[in-house]
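Subject: Structure for you to look at

Hello,

Here is the structure I said I would pass on. Please open it first and then read the notes below it.

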Amino acid sequence: MNFNFINLQPYSNPQYFIYLLIALIPMIIGLYNGKRFKTYEAIFSLVFIFLIFDGDHWQQGINIILYLIYEFVITFAYLKYRTKKKSPNKTWVFYLAVILAILPLTAVKILTAMPVGTVPFVVGFLGLSYITFKNVQVIMETRDGAIKEIEPGTYARFLLFFPTISSGPIDRYRRFKKDFDKAPSREDYITDMQYAVRYLFQGFLYKFIIGWFFGTYCLPKIAKAALLVGNSVGGLKLSWWVLAYMYCYSMYLFFDFAGYSLFAVSISYFMGIHTPMNFNKPFISKNIKDFWNRWHMTLSFWFRDYIYMRFTFFAMKKKLFKSRIRLSQVSYFLLFLIMGFWHGLTWYYIVYGIFHATAICINDAWLRFKRKHKKQIPRNKFTEWFAIFLTFNVVCFSFLIFSGFLSQLWFGWK
Amino acid sequence: MNNKRRLWQIFGPVICAVILLIVVFLIPWERTFSNKAIYEAANSQNTTVFKGVKMKQEAFKRNYVPFYGSSELSRFDPLHPSILAEKYHRNYRPFLLGGAGSQSLAQFVGMQGTSKQLRDKKAVVIISPQWFTKQGQNPQAFDLYYSPLQTAMFLLKANAKSKADRYAAQRIAAMPTVKNGIIKSCLKKVARGQKLSDWDRFLLEQRQRMLVNEDNFFSTFQLRNRVNKICQKAKLLPNTYSKSALRKVADEQAAMHTNSNNLGIDNTFYRTRLPKKVLKKLKGSQKHFDYVKSPEYADFQLLLTQFAKQHTNVLFIIPPINAKWAKYTGLSQKMYQESVAKIENQLTNQGFENIADLSKDGGKKYFMEDTIHLGWNGWLAVDDAVKPFMATPNRRCNYDLSNYYFSKKWQNKKNVKPLNLSNKEALKDK
């Protein structure tokens, strides 16, 4: 038999939106009339998820099913442990649950870093990281007692929430459940749709026009020129083209990812779910800390809440560091190193993490210095613009590292 | 009421946008191009032009002749065919089609839009034995040149009973660039020998309409403007055409541009593409290259089929390899000649007799611009064939094709006897 599988990767081309919006119509009519058709929503999600993982991607489909069973067992076992009467709430049990929960992600990161051809099976699946983030967050909040019960159905929908399955934004279980359990009022839903349409079209502009221009139209040409000139000058192989690559790649990265995130938020709004925004004009940040409050926000907030804060509390309780400054510095390095490793086990992702940790520590030092010398340091329109300019360039440089282009330039591989 | 109004405010613009989109894409638009735009396009070797249709159609209606080839077309020294045609006000202008990696299959797809315009006319093909690798058409390069528009055109004309069309459909469908969708499913149908249904044809026509408009709107974007370059280089040529004077220019220019190395390679190419490390790696690296067994021979047959359908009069040019370079990389000249013999047999046995075989000239002085690309005196040798070819009047050419050349047997055949091309009568007897 010769099957012609239809395989649809989320938001990959304009036609996709036509299928998606047609499938959304019954849901929209329902929500407009104050009803949430949960069964239809489940079928809709499953069909579109199936379309991601069918055909050539079937091994990923198997992986996601196995993964979900595994994570469900861990989460509900831990929930049971935490909610039984007089739960001992041992720290080691909590650690064990978290380690087990991130085990598949860790394994995939290591396996994908192995030389091509040494791993005989397909590892991971589209969206593994993001589902893991959601899952770890639930385990942590269960530990805190903030989550006392989890409905398996809602939980599955939360983990597999179709619009955000491939790359976020990362929602929180309690927030999701609140939206999911009710249907919005008609007025509110119309407002939701207003935003949904706006975000959708903003997303088109970002991803398919501006992102395309920088990423598909300009970037290959710049890369080619940079490699050609680089190879002829030798040494560090630097040229103005590398600088052009840096800015072009940064623009591409932002518009492509922000466009994608806008699609995810837009489709969520059509479904009456207020998935949080991921970007808030990151390039007008005044400093690096400000930048991380504006760039890939759901990820950075996740890292802040579940790694930075947790570690800080832990270290304070154990009195690991005498000085608070040293403590925050160590926490930053921990956070950004983990983020670097999460991006992939390659030198440039790890350097990217170290670079940002260093930048944020320098920024902190500068803020402390500024506070002490308030009177001597001028503050006016120019200094504000200069701060934005400087931050922008530091960030773009970090993206140049992140892009892996330097690796290609220097070592010939990415 | 209020809610209804809000809904209109939200979705009204969306509905307008959708209507506008349908109108823009599905209405048949017409447009013309200025002479200047076409001249730029003809010399740009731009993939948008290659993949498009409208520009080429317009050009071939005028005095442009397609020069199908690959990366050698971008060697714009003063003796380049485009510059010679411009300088000496020839009755034709080359329209350069192809670039690095555009092999027979990509060229075949790229020819689908202009069969009407090339009927009973002329074309030049620079056919490099380097295309005839074990793999044939490089899939990554195909990605660059793949034209969905012309594939749709091919499908709408395809005959499921024809061996050539079935083979072409199967080859194109096997390329990873061709993603699932109406085009791929129709390709698979044709490859299996099934007729397309009316519904398939309807969908294909809509898709084609959209792609035609896309081509109309966007084909003038991103043109690489080489007009200034042509004018500047043309200044280096003697004002009246003279073979010996041109030869002198070629020698002078080549001497000046290859003085950094003793391989006879253009200085810039040598500096940027062959830094020491790369050069070292390449030494002896091509000993095992084999151009004799290749699926490319069958893909090449597609090209011939297309020319035969159009009754186009074709001049084939077979370029050599820089002999010093071949020696350095270990590429076997014997193998090279074997593949040339195979190509020439395939051509002459089916009635394609205009062949300029330059394949043994790789050792001549300043014949090559760099490693495998024609330059200076090589271009002059090309002109020696092109000039008289263009002087003959257009006529309808008939060819005698054989499906044998699609077979695996031919693709893998070795030891094909070399031909003596100078003896035209002997060729006919075969």
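A residue is called buried if 20 or more other C-beta atoms lie within 10 Å of its own, exposed if 12 or fewer do, and partly exposed in between, with C-beta atoms placed from the backbone. Helices (H or I, at least four residues) and strands (E, at least two) are DSSP runs, numbered from the N terminus.

This is a predicted model, in which local features need pLDDT of at least 70 and side-chain atom pairs count only at pLDDT 80 or more, while totals for chains, interfaces and linings use all residues. Residues are numbered from 1 along each chain as its sequence is written, and chains are lettered from A and ligands numbered from 1 in the order in which they are written.

Chain A

Chain A has 15 helices and zero strands. Its radius of gyration (taken over C-alpha atoms) is 23 Å, close to the 22 Å that the globule rule (2.2 Å times the number of residues to the power 0.38) gives for 414 residues, so chain A is as compact as a globular protein of that length. The C-alpha trace of chain A spans about 60 × 55 × 55 Å along its principal axes. Of the 414 residues in chain A, 32% are buried. Two residues are in contact if their C-beta atoms, placed from the backbone, lie within 7 Å. Among the contacts in chain A with a separation of 6 or more, 70% are between residues 24 or more positions apart.

H3(A) has 26 residues and reaches 37 Å from its first C-alpha to its last, close to the 38 Å expected at 1.5 Å a residue (the expected span is 1.5 Å times one less than the number of residues). Which residues of H3(A) are buried? They are Asn63(A), Ile64(A), Tyr67(A), Glu71(A), Thr75(A), Tyr78(A) and Arg82(A). An α-helix has 3.6 residues a turn, so residues three or four places apart point the same way. The cover over the buried residues of H3(A) includes helix H2 (38-53), helix H4 (91-113) and helix H5 (128-144) of chain A.

Domain bounds here come from an automatic or database domain assignment. For chain A they give domain 1 (14-183), domain 2 (196-276) and domain 3 (280-414). The centres of domain 1 and domain 2 of chain A, taken over C-alpha atoms, are 27 Å apart. Their contact takes 18 residues from domain 1 and 14 residues from domain 2 of chain A. On the domain 1 side, helix H1 (14-32) and helix H7 (173-180) of chain A each supply at least two residues, and H1(A) gives the largest share, six residues. By class, this side of domain 1 of chain A has eleven nonpolar, three polar and four charged residues. Here Ala, Val, Leu, Ile, Met, Phe, Trp, Tyr, Cys and Pro count as nonpolar, Asp, Glu, Lys and Arg as charged, and the others, Gly among them, as polar.

Chain B

Chain B is assigned domain 1 (1-28) and domain 2 (31-429), and the C-alpha centres of these two domains of chain B lie 46 Å apart.

Where does chain B touch chain A? Ten residues of chain B are in contact with eleven residues of chain A. Helix H1 (2-26) and helix H14 (267-273) of chain B are the elements that give two or more residues to the side of chain B that touches chain A. The largest share of that side, five residues, comes from H1(B). It has four nonpolar, four polar and two charged residues.A nonpolar core is a set of buried Ala, Val, Leu, Ile, Met, Phe, Trp, Tyr and Cys residues joined through C-beta atoms within 7 Å. In the largest such core, of 97 residues, Phe67(B) and Phe316(B) touch the most other members. Helix H16 (residues 296-310) of chain B gives the largest share of this core, seven residues.

Last, two residues other than glycine have a positive phi. Gln45(B), with phi near 50°, is in the loop between helix H2 (35-44) and helix H3 (47-51) of chain B. Gln45(B) is buried, because 22 other C-beta atoms lie within 10 Å. His89(B), with phi near 45°, counts as exposed, because it has 7 C-beta neighbours inside 10 Å.

Regards
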